[in-house]
Amino acid sequence: MPVTPAGAGGYVLRTATAQDIGGARAVMLDTVYHDLRSGYVPRWHADIIDLEGAYLLPERCTLLVVVRGDEVVATGAVRDRGPQAPPNPQWVADRFPSGSTAQLCRIYVRPEHRRHGLARRLVRELGDFAARAGGYTSLYLHTDPAVPGAEPFWRSLAHEVCDERAAPDGGQGIVHFELPMPSPAVPVTPHIR
């Protein structure tokens, strides 16, 4: 993907390079500790430790960053696997199988850079990437509604598939969404490695 302005204020959105790994990891870890309040949990967050192996090397995965100056201020990624059961409901995992599901993940914006349209722009670019990559039939994501602003943001863009809070046991308390798959416009650009 070419380097593109991500809005006013000197923000630039681009495909992450190896030089962005430290800054991207810092945004992600700060988010899991401060916003999600889970801290680092290896079974959920192993990709954060190996961003290159998870997102930069695989052909049908990507990691995008938004930078301002020399600082990574936002991240977003596509991975080529759907939700797993357990811990997710089996029917959700069946609906979004690995291989044909592009899972949007790690869409995080540092608090002081929110409300500039960065997350919305990341979602659009990630959807376009998935469409160009080929082989994906659905765009899936899940969110923790306890994170301020997360649930209304995703409801403005996506269709709810399952709200685990409505399950008899409350499930994990997360909400699963599907976004419309954009039409592919141009061939996929190779990753910058």
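**Helix packing, pocket and backbone**

Analyst: The axes of helix H5 (residues 118-133) and helix H6 (residues 150-157) come within 12 Å and cross at roughly 45 degrees. Axes are lines fitted to C-alpha atoms, for helices over the stretch in contact, and angles run from 0 to 180 degrees between N-to-C directions. Helices (H or I, at least four residues) and strands (E, at least two) are DSSP runs, numbered from the N terminus. This is a predicted model: local features need pLDDT of at least 70, side-chain atom pairs count only at pLDDT 80 or more, and totals for chains, interfaces and linings use all residues. Residues are numbered from 1 along each chain as its sequence is written, and side-chain values use heavy atoms, with hydrogens and water left out.

User: Which residues of H6 meet H5?

Analyst: Contact means heavy atoms within 4.5 Å. On the H5 side, Ala-119, Arg-120 and Val-123 take part. Their partners in H6 are Phe-153, Trp-154, Ser-156 and Leu-157.

User: How are H1 and H2 oriented to each other?

Analyst: Helix H1 (residues 21-34) packs on H2 at an angle of about 160 degrees, with the axes 9 Å apart. Angles under 35 degrees count as roughly parallel, over 145 as roughly antiparallel, 65 to 115 as roughly perpendicular and the rest as oblique. H1 and H2 are therefore roughly antiparallel.

User: Which residues of H2 meet H1?

Analyst: H1 brings Arg-25, Met-28, Leu-29 and Val-32. In H2 they meet His-45, Ile-48 and Ile-49.

User: Which element gives the largest share of the lining of the largest pocket?

Analyst: A pocket is an open set of points on a 1 Å grid over the protein atoms alone, where a 1.4 Å probe fits, with protein on both sides within 12 Å along at least five of seven lines; lining residues have an atom within 4 Å of a point. The largest pocket is lined by 46 residues, and Leu-36, Tyr-108, His-142, Thr-143 and Asp-144 lie nearest its centre. Elements giving two or more residues include helix H2 (42-49), strand S5 (101-109) and strand S6 (138-143). The largest share, 7 residues, comes from S5.

User: What is the omega of the peptide bond between Pro-86 and Pro-87?

Analyst: Pro-86 lies in the loop between strand S4 (71-79) and helix H4 (90-95). The bond from Ala-85 to Pro-86 is cis, with omega near -20 degrees. The bond joining Pro-86 and Pro-87 is cis too, and its omega is about 15 degrees.

User: What is the phi of Arg-106?

Analyst: Arg-106 sits in strand S5. Although Arg-106 is not a glycine, its phi is positive, about 55 degrees.
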